[in-house]
Amino acid sequence: MARDPKYDILFEPIQLGPKTLKNRFYQVPHCIGAGSEKPGMQAYHRGIKAEGGWGACCTEYCSIHPESDDTSRVSARIWDEGDVRNLKAMTDRLHHFGALAGIELWYGGPHAPCMESRATPRGPSQIPSDFELNIHPRYMDKDDINEVQQMYVDAALRARDAGFDIVYVYGAHAYLPFQFLSPFYNRRTDEYGGSFENRARFWKESLEKVREAVGDDCAIASRFAVDHLLGATSIQVGEDGVRFVEYVDDLVDLWDLTVGDIAEWGQNAGPSRFFEENHEKPFTGQVKAGNHTNKPVVGVGRVTNPDTMVAIIQSGQFDIIGAARPSISDPFLPKKIEEGRPEDIRECIGCNQCISRWEIGGPPMVCTQNATAGEEYRRGWHPENYSKAGNADKGVLVVGAGPAGMECAMVLGKRQMSAVHLVETDSDIGGCVNWISKLGHSDGKENLFRGTARGLGEWARIVNYRQVQLHKLKNVEVHLNSRLSAADVLEYGAEIVVIATGCHFATDGLNAATHAPIPGADTSLDWQLTPDEVVLGDKQIGQRVLVLENEGYYMGATIAQKLAGEGKDVTLVTQAADVAGYMHYTLEAPMLHRDLHRLNVDIRTYTMVDSIEPGAVSLYNVWDDRHKDKVEVDSVVLCTQRLSNDSLYRELKADPAALEREGIEAVYLIGDAQAPRMIVDSVFDGHRLAREIDSPNPAMPLPFIRERRLWGDTGNGDFESQLLAPSDMVTA
Amino acid sequence: MKVVVPVKQVAVVDEDFELADDGTAVDPDFLEWSLNEWDEFSVEAALQLAGDDGEVVVVTVGDDEATEGLLTCLAKGAGRGIRVWEQSLTSADALAVARVLAAVVERESPDLVLCGVQSSDAVNSATGIGLAGFLDLPHVAVARAISGGEGSLTVERELEGGLVEVVRIGLPALLTVQTGINEPRYANLRAIKQAREKPLEVLDLAGLGLSGDDVAGASGGRLRKLAVPEAGEGAEMLTGSAAEVATRIREIVQDRLSA
C-alpha cells in the first residue's frame, strides 16, 4: 500500500552542507556496545536501520584519542588506521542502502576515566567529574588546547577516510566543548573563560579547524545541549543556549539539539514513566521557533508516532526527526510509514533497557520490543525477515500469552509453521504486562516533563504490537479464557509444545537476601500483599504500609511510589545499598528518588526484615544484625523473589511415554516459567526459541559469532567472508 | 436432538478496497474469508443442545472457499457437513439461499434449525427467517438464551430498548441466534486435523431435486450496483499530533455545549 500523503513531508530530502539527506529520518548517535572493537555488530546494527529507511545513521560517541577513554563503557574510537578499517565496515553498509553515515567525535574531559588507556584527561578547569567517581582533569594551558584541537582535526581526517559523511564536534552531555562553554565547569580567567565569547572560544575554534580540514567533503554537525537544566549555574536556553547557536551557526551544517548532561542524561533519554513523547520541545524547540539558526535542526524526544513527526516539522520545531530508542525498537519505522502500514510500527516503550547495558559497561545493547537489536550480526537475526522453518509442517501449542509466549507464537507464525495455537488462561493476552502497565499514579503534582502522570502505561505497547501482528498471521490462532491441564496438552494434537506459563511472587517472603522465608510473612492474610495484588486492588490497604524491596529493579520502589502518591505513609526497605539499584542503569533513578523524597517515603537501605507480626515489622541492619528497629504498620507488601509456574511443564516431562504416545516430539520451557527475569529477557527467550525451532536442539541456544581476536591468527574471516561482501549487498 | 446449522463463509473487506469492474462486488483481491461471527454462536448452541447422543449437521451454500468454514465447524464437534454449490448460485440473494437450504433441511428433517441472526458481510438478517417461511416452521428471531429440551424450547429473544421476550416454542422449529448467547468453543489441533476425516457432502441443485428456476423464483431482488458513498459536507478532518487532535475535539465539544 502507498504511504498516506499526509506523511509525504517526512520523505523530503534535506541538504546538509555538501551532503543530501534523502529524507527526514535520522538516527542520532547512540551507544550499542559495539564501538570499533565489534565491527560486525556496528555495521549490521546501523545497516539494518539504513535498510529500514533511515536517511542517516551515526556511530555512538567516538573517542578521538586515548585521553578520552570511557572504559568500561563502550564507545567507538578513531585513534588509528585500525579503527578506520573497522568503522569503514559500517559506512560501507550504510552507503549500500543509501543512507549517510555520521560520526560523533568525542573528547570527554573529566567524564572519561581512562581506565584502559591510563591516560590523563584534560579539562578547562581542575574540577572533578560530577559523573565519574574521583576523576580530576589536568588543567589545559594554551598548548594543551592546541593539542586537543589537533586531536579533533586528526580524528576528522580519519573519519573522512573511513567514509563518514557527517562529522560531529560533540558538545552535548557536558563533554569537553560544553565544559568550556559552561561556567559550571569553566572557571578560567584567560581568553577561554569568563565572557560568553571567551567560553565559546574553544568550541568555535575546534569547529573552525575541523571545518577547515574536512568541511568540503563532509557535513559538519554539532550536538549541543541548549539547556543544562541547572538554572543560572550553567547554560540556559534563553540565554547562552540560543546565543551560542547564533554565534557559531556559520560553522555547522547541522544542529543536533538536546538538553541536560551526562550525569543525569535520563533527562535527555527520558524513561516513559516520567517523560512523554517529544518532552524536550520546551527547550530545543526554542532554537528554530526564535529564528536563531539558518541551518537544519535535528532533535529527539522518543517520537514513535508519525503524526507527531509531521506536527514537529510543520510547527517548525525541527527540520529532521531524530531518534535513538525508536530506531532501536523499530529499525524499519520509516519504511513502515512509507509502505502505508504504520500499525506495524514496533513502538519504543521507554523502559531504557537498551541504555542499561551501556551503563553497566560492556554487554551488547538489548531491546524489550525488538529482540533482534544487537543480534543482527552475531546471530544473523533480521527484525522483519523470517525464514520458513525446516520443520514448518509441525503444529505448535504455546501455553501462556505473556511476553515470552506472545513473542514465541508471533515468530513461529512468521516462520510459517503450519499451525500455531497460543492458549491463554486470562481473558486478554499480555500476561504480567497487563497489570504491570497499570502501575503508576497521578497525584496532581507537576513533574518537569510529564505533566502530572507517572507510570508504566506505555509498557502496554509490548502487548499492542504483538496483538496486531498475531491477528495478521493466518496460521496463528489465539484462544483466551482457556486453562489447559496436562491431559488437555497431551490430547491437543500438537507436535511441539511450548510452556510459557509465567511466574508468581513468593507468598512467604522467600528472598534473595536470606534464601529463606520470613517468619510471619503470609500473603494469604488480608493485610499482606504481593505486588500484583496491590494493582488488582482486591485487598484493602491500610494507612501505614511497609514495602520490602528485595528485587533490585523497579517493582518495590514503584509500589512504594504508587501507594505514597495515593496518600499512604510508606516505609521502603531494601537489603541493598539503594532501592531499585538497576534503575540507575535505566536512568530512572534520579526522577524516582525525587518523587519518593517528595512523597515522604521513609527509605531504609542495608536493612532486612527479621519478622512480621500483626501491626508491626521487625528490621535489622544487614552489616550488624544487633542493630534492630521495629516499624508499626497496617499493611505489608512483599516484593521478594519470584517462582516459576512450571508445574505443567514438570507434569508433562514426568511422563515421556504419554508424550510419545500422543505424538508430542518436544516440550520447551521459556520466559519466567523457566526462570523469572526481566521482560526484555522473556521476549528474547521466546524469540530465540522460535528462531531456532528447527535447530538440532532448540532447547539449547546456538552459538553466536564472537568478535574476538584469535591469538596468532592474522586473518579476518568475519570481515572477508561476511562484511566485505554479504550476499544481500551484491548489486547487479 | 438433531440440529441443522446453516453457516456462511463471509467476506472480510480490507480497510482500503476497490470494486470489481462490473460494479456489483468488491474486488476479490481485497477480501479475506472467515466463518460468520454469528455462526460461531449458533454452532456452539447446537453442540450444547444436541448433546452426546444427538447430531449436528452444518450446511452452507458457497464455493470452495466455504469448505474452510465447514471444516471449522466440524473441528468444533459437528458430525457432518453439506456444501451446496453450482455456478448459477453466484449471485443468489438471501431468499434464494434460503430456498436452497430449505431443500437440505427437508432432506435432513431435524428437530431444530439454528441460524445466525445475520451475516456480517451482507447483513440482510433474512436467510434464517426466509428459511422458516419456506419450511413453514415456527420460528424465533434474535435468541439470546435457549433452554428446555424434548418437544419444546424456552427462548429469550432480544427486543429493542433492552426488552426481553420469553417465548415457548414447539419442535421442530427454527431460531436465529444472537452473539454472546454462549462462549463458543475452539478446536484443538487434533480436532482440526480429524475434521478432514469427517463426512463432507458436496451437492449441486439437481442433487437436491431443485431446478435453477426454483431458486430464481424465490429470489427477492437483484443487485445492480455497489458504490462508495461520497464524502458529505460538514465534516472536519482533524489532523496533527494526538495532543493537537485532542485539543481540537475539546474545543468542538465545548463549542457545542455552550451553543
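**Figure 1. A loop in chain A with a cis peptide bond.** A:Ser72 sits in the loop that runs between strand E4 (56–63) and strand E5 (76–77) of chain A. Keep in mind for this and every other view that you are looking at a predicted model. What is the form of the peptide bond from A:Thr71 to A:Ser72? That bond is cis, and its omega is near 15°.

Figure 2. The peptide bond from B:Leu171 to B:Pro172 is cis, with omega near 0°.

**Figure 3. A:Ala174, a residue with a positive phi.** Look in the loop between strand E9 (166–170) and helix H4 (176–181) of chain A to spot A:Ala174. Its phi is near 60°, a positive value, and the residue is not a glycine. Is A:Ala174 buried or exposed? It counts as buried, because its relative accessibility is 0% and the cut-off for buried is under 20%.

**Figure 4. B:Val123, a positive phi in chain B.** Now for a loop in chain B: B:Val123 is in the stretch between strand E6 (112–116) and helix H4 (127–135). Phi of B:Val123 is near 55°, again a positive value in a residue other than glycine.

Figure 5. A:Ser356 belongs to helix H11, which covers residues 353–360 of chain A. With a relative accessibility of 0%, A:Ser356 counts as buried. What does its side chain pair up with? A polar atom of that side chain lies 2.7 Å from the backbone oxygen of A:Gln353. Leaving aside residues up to four places away in sequence, A:Ser356 touches A:Tyr582, A:Tyr585 and A:Thr586.

**Figure 6. Helix H6 of chain A and its cover.** Helix H6 spans residues 237–247 of chain A, and its buried residues are A:Val237, A:Asp240, A:Gly241, A:Val242, A:Phe244 and A:Val245. Which elements cover them? The cover includes H4, helix H5 (196–214), strand E10 (219–225), strand E11 (254–258) and helix H7 (281–289) of chain A.

**Figure 7. A:Glu197 and a residue 126 places along.** A:Glu197 is part of helix H5 of chain A. This glutamate is partly exposed, because its relative accessible area is 39%. Follow the chain for 126 residues and you get to A:Ala323, whose C-alpha atom is 32 Å from the C-alpha atom of A:Glu197.

**Figure 8. Nonpolar cores of chain A.** The largest nonpolar core has 105 residues, and the ones touching the most other members are A:Leu10, A:Tyr152 and A:Phe224. Zoom in on A:Leu10: not counting residues up to four places away in sequence, it touches A:Asn23, A:Arg24, A:Phe25, A:Pro306, A:Met309, A:Val310, A:Ile313, A:Ile321 and A:Ile337. There is also a second, separate core with 74 residues, including A:Ala401, A:Val498, A:Met591 and A:Val683.

**Figure 9. Chain B by itself.** Chain B is built with seven helices and 11 strands. Its C-alpha atoms fill a box of roughly 65 × 45 × 40 Å along the principal axes. The chain has 259 residues, and 40% of them count as buried. If you take the contacts in chain B with a separation of 6 or more, 69% of them come from residues 24 or more positions apart.

**Figure 10. Where chain B meets chain A.** In this view, 13 residues of chain B are in contact with 22 residues of chain A. How much area is buried between the two chains? The value is about 1300 Å², with carbon and sulfur atoms giving 51% of it. On the chain B side, B:Tyr186, B:Leu189 and B:Arg190 supply 49% of the area that this chain buries against chain A, more than any other three residues.

**Figure 11. Charged and polar pairs between the chains.** Three salt bridges are counted between chain B and chain A. One of the pairs that form a salt bridge is A:Glu495 with B:Lys193, whose closest N and O atoms are 3.2 Å apart. Nine residue pairs are in polar contact across the interface. Helix H5 (residues 189–195) of chain B gives the largest share of the side that touches chain A, with four residues. Sorted by class, that side of chain B has four nonpolar, three polar and six charged residues.

Technical notes. Residues numbered from 1 in each chain as written. Chains lettered and ligands numbered in written order. Predicted model: local features only at pLDDT ≥ 70, side-chain atom pairs only at ≥ 80, totals over all residues. Heavy atoms only, no water. Core = buried A, V, L, I, M, F, W, Y, C linked by side-chain atoms within 4.5 Å. Buried < 20%, exposed > 50% of the residue type's maximum accessible area, 1.4 Å probe, protein only. Contact = heavy atoms within 4.5 Å. Buried area = accessible area lost by both parts, 1.4 Å probe. Salt bridge = Lys/Arg side-chain N within 4 Å of Asp/Glu carboxyl O. Polar contact = N/O pair within 3.5 Å; in protein donor to acceptor, adjacent residues only side chain to side chain. Helix = DSSP H or I, 4+ residues; strand = E, 2+ residues; numbered from the N terminus. Nonpolar A, V, L, I, M, F, W, Y, C, P; charged D, E, K, R; others polar.
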